[in-house]
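Have the 3D view open as you read.

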Amino acid sequence: MSGEKNKVRLAVFKLTSCSGCQQQIIDLGDQLLALLDRIEIAYFLEASSDAKPGPYDVALVEGSVSTPHEEELVKKIRENSRIVVSVGSCATYGGIQALRNWMDFEEVKKAVYEKPELIEALEKSRPVSDFIDVDYAIGGCPANKLQLLSVLKQVLIGRRVYQRGEGLCQECKRKGNVCVVVAKGQPCLGPITREGCGALCPSYGRGCYGCFGPMVDPQPGALARRFEDLGLSREEAALRIRSITSWSEPVRRFLEKYER
Amino acid sequence: MFSGSLYSGELSELRKLFEEIKARGYKIIGPRLEDGVIRLGELEGFDEIPYGIGDIQKPGYYRVRANGGRFRSPLDSPKRILYPPELTLFRLTRDWELERPEYEFEATALFGIKPCDLAAIGIMDRVQGELGDEYFLKMREKLLIVVENCVEPSENCFCATMGTGPAASIGFDIAYTRLDDSTILFQPGSDLGVDLLGELTLEPATPDQIETLRKALLKASEKARAGFRLENLPDMLELNLESETYREIAERCLGCANCNMVCPTCFCFDVIDEPELDGSARRIRVWDGCHSYSYAQVAGGHFRKDLWARYRHWVLHKFVYWLRQFGSFGCVGCGRCITWCPAGIDLREVISKVVREVGEG
């Protein structure tokens with residue numbers, strides 16, 4: 001092992017995903033450079049082809065588990081890493097690709113690939129935490145780089161990472177945004193979505209689409225009824241809430257009831 | 001209704017008052033049209049105040065209308081200015097030295113806030129003030145308050161029930177009422193207020209004007225009511241702690257805490273310690289609320305796990321416990337929690353129903 005002395009060894013892995021969350025790490029820019037005083041980037045293929053073997057202190061995992069190979073990989077990551085963080089809504093909830101979890105797997109393969117028989121995939125796209133213990137999880141499509149940085153900073157001082165899991169409305173209101181539901185009659189997923197993005201979409205006057213995943217104790221049923229009051233059909237309301245984190249447990253439970 | 005003297009002047013005198021306050025070096029914060037709503041913000045000129053623009057406020061509904069009418073409680077309450085949503089309490093250096101921020105504020109005037117919000121500042125004086133919140137106290141001593149009495153409350157207003165409006169009675173430097181488009185009635189409420197009004201061209205209000213004002217305020221006061229009364233309200237609520245109404249409301253409630261955030265008196269906060277890469281750390285206070293799930297989560301458990309219990313706690317704190325803690329109700333009847341509730345839940349209906357159930361026993 002050629003580890004740099006006294007530095008935290010960081011590894012960044014990618015599973016089924018678009019690499020957008022890894023881009024957020026690179027996009028930290030100067031702050032990433034500042035991190036390098038304390039962190040050795042041991043494995044990060046998106047940023048460097050110099051891939052060093054484990055063990056790692058911290059593994060950031062992007063992407064959902066959707067192939068047998070990825071299932072093996074996450075198990076190895078767990079064995080090789082002291083702290084595992086699932087980064088972004090694919091790794092944490094299964095991602096937008098989990099929409100196929102609601103469809104017939106063979107049909108989906110046929111619709112996408114010319115030779116579906118060559119495709120080696122798991123029937124469902126699932127979060128990393130379905131396969132291994134995850135120490136910390138952050139949502140987002142993509143993840144928010146400042147939230148990611150905050151997690152890394154907390155890990156660096158050796159404390160248990162504190163993240164508020166409350167609703168986006170609080171962050172949105174603290175920021176001083178005007179509520180798009182109340183002032184524009186727009187459907188917004190803010191009331192059931194986890195804070196952490198800085199209320200990005202409502203800050204630009206559009207409704208949240210829930211990419212950070214469900215907050216603690218969310219009420220999707222009450223929100224769906226409100227969407228219906230605003231003029232959405234039951235199908236449209238379900239579609240909005242299904243969206244990016246459909247395979248998260250609270251959304252799943254809601255959809256199973258609501259769509260029946 | 002009016003213990004002080006009333007003076008009348010043209011609308012231009014209100015402009016003159018604004019300019020006089022500005023000339024004396026005050027930063028002026030008041031209602032302005034921004035992001036499609038009326039909210040509190042810094043005003044450069046008198047013309048930024050959207051007189052002639054009205055708002056429509058209903059449960060879970062807010063729109064402005066340009067074709068006249070009046071605006072009511074703006075989106076922001078003075079809480080945003082006096083008790084900011086995010087505040088660094090201190091910084092701890094790498095060498096364990098504590099650096100506390102020094103708060104220095106310029107003289108600030110709140111111009112045209114409503115009597116309900118003035119009452120909310122009065123409540124903050126008893127909460128933040130007596131608890132020694134340094135930011136609040138420093139800001140507060142620099143504050144000049146010009147309050148606008150309400151003659152056209154919104155559908156969501158219930159200041160008359162809470163005894164905070166439609167006219168302000170205490171705690172302001174100047175109160176004014178826009179009787180109509182051209183006539184303003186002014187009332188000084190402090191020495192500074194008397195001094196400022198001395199710069200304007202005013203006449204003592206005529207008996208006719210006072211009668212018009214009285215009627216307008218009476219009408220407003222009839223409108224700005226909830227379906228419950230304050231008499232025995234705390235006892236009634238405590239007699240019906242197990243009301244099914246709270247559980248019914250929790251079916252619609254989103255637990256999003258928007259009501260906590262927009263409430264001019266809700267003061268609960270969370271504390272976040274944010275470490276920095278240089279080895280220092282900041283302790284930050286952020287607005288939180290009792291509808292948050294994590295709010296009642298403590299080491300070893302959770303004492304309000306169910307949403308209905310969190311909703312009930314909010315009601316009981318405002319209308320029962322606050323009296324014991326701070327000697328007044330915790331609600332001023334501004335209606336923001338009704339307007340800005342994304343689910344359109346009407347607090348007044350909830351309380352009325354819980355109280356009614358006691359009678360039906």
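In which sense do strand S2 (residues 27–34) of chain B and S3(B) pair, and over how many bridges? Keep in mind as you look that this is a predicted model.

## Two strands and their sheet

The pairing of S2(B) with S3(B) is antiparallel and runs over six bridges. You can find one of the partners by eye: B:Glu34 is bridged to B:Val37 in S3(B). As background, the strands of a sheet pair through backbone hydrogen bonds, either parallel or antiparallel.

Now zoom out to the sheet itself. It is an open sheet of eight strands in chain B, in the order S3-S2-S8-S9-S10-S11-S1-S12, and its pairing is mixed. At its edges lie strand S3 (37–42) and strand S12 (203–204) of chain B, each of which pairs on one side only.

## Chain B as a whole

Altogether, chain B has 13 helices and 16 strands. Its radius of gyration is 22 Å, close to the 21 Å given by the globule rule for 361 residues, so chain B is as compact as a globular protein of that length. Along the principal axes, its C-alpha atoms fill a box of roughly 65 × 65 × 35 Å.

What about the inside? Of the 361 residues of chain B, 45% count as buried. Among contacts in chain B with a separation of 6 or more, 72% come from residues 24 or more positions apart.

## Two domains side by side

Chain B splits into domain 1 (7–223) and domain 2 (233–360). The centres of these two domains, taken over C-alpha atoms, are 25 Å apart. Where they meet, 37 residues of domain 1 are in contact with 33 residues of domain 2.

On the domain 1 side, strand S5 (61–65), strand S6 (86–92), helix H3 (115–131) and helix H5 (159–162) of chain B each supply at least two residues. The largest share, nine residues, belongs to H3(B). By type, this side of domain 1 has 20 nonpolar, 11 polar and six charged residues.

## Where chain A meets chain B

Finally, look between the chains: 28 residues of chain A are in contact with 35 residues of chain B. Several helices of chain A each supply at least two residues to its side of this meeting place, including helix H2 (30–35), helix H6 (145–156) and helix H7 (168–175). H7(A) gives the most, with four residues. The side of chain A that touches chain B is made up of 15 nonpolar, six polar and seven charged residues.

Notes. Residues are numbered from 1 along each chain as its sequence is written. Chains are lettered from A and ligands numbered from 1 in the order in which they are written. This is a predicted model: local features need pLDDT of at least 70, side-chain atom pairs count only at pLDDT 80 or more; totals for chains, interfaces and linings use all residues. Domain bounds come from an automatic or database domain assignment. Two residues are in contact if their C-beta atoms, placed from the backbone, lie within 7 Å. Ala, Val, Leu, Ile, Met, Phe, Trp, Tyr, Cys and Pro count as nonpolar, Asp, Glu, Lys and Arg as charged, and the others, Gly among them, as polar. Two strands pair if DSSP finds at least two bridges between them. The radius of gyration is taken over C-alpha atoms; the globule rule is 2.2 Å times the number of residues to the power 0.38. A residue is buried if 20 or more other C-beta atoms lie within 10 Å of its own, exposed if 12 or fewer, and partly exposed in between; C-beta atoms are placed from the backbone.
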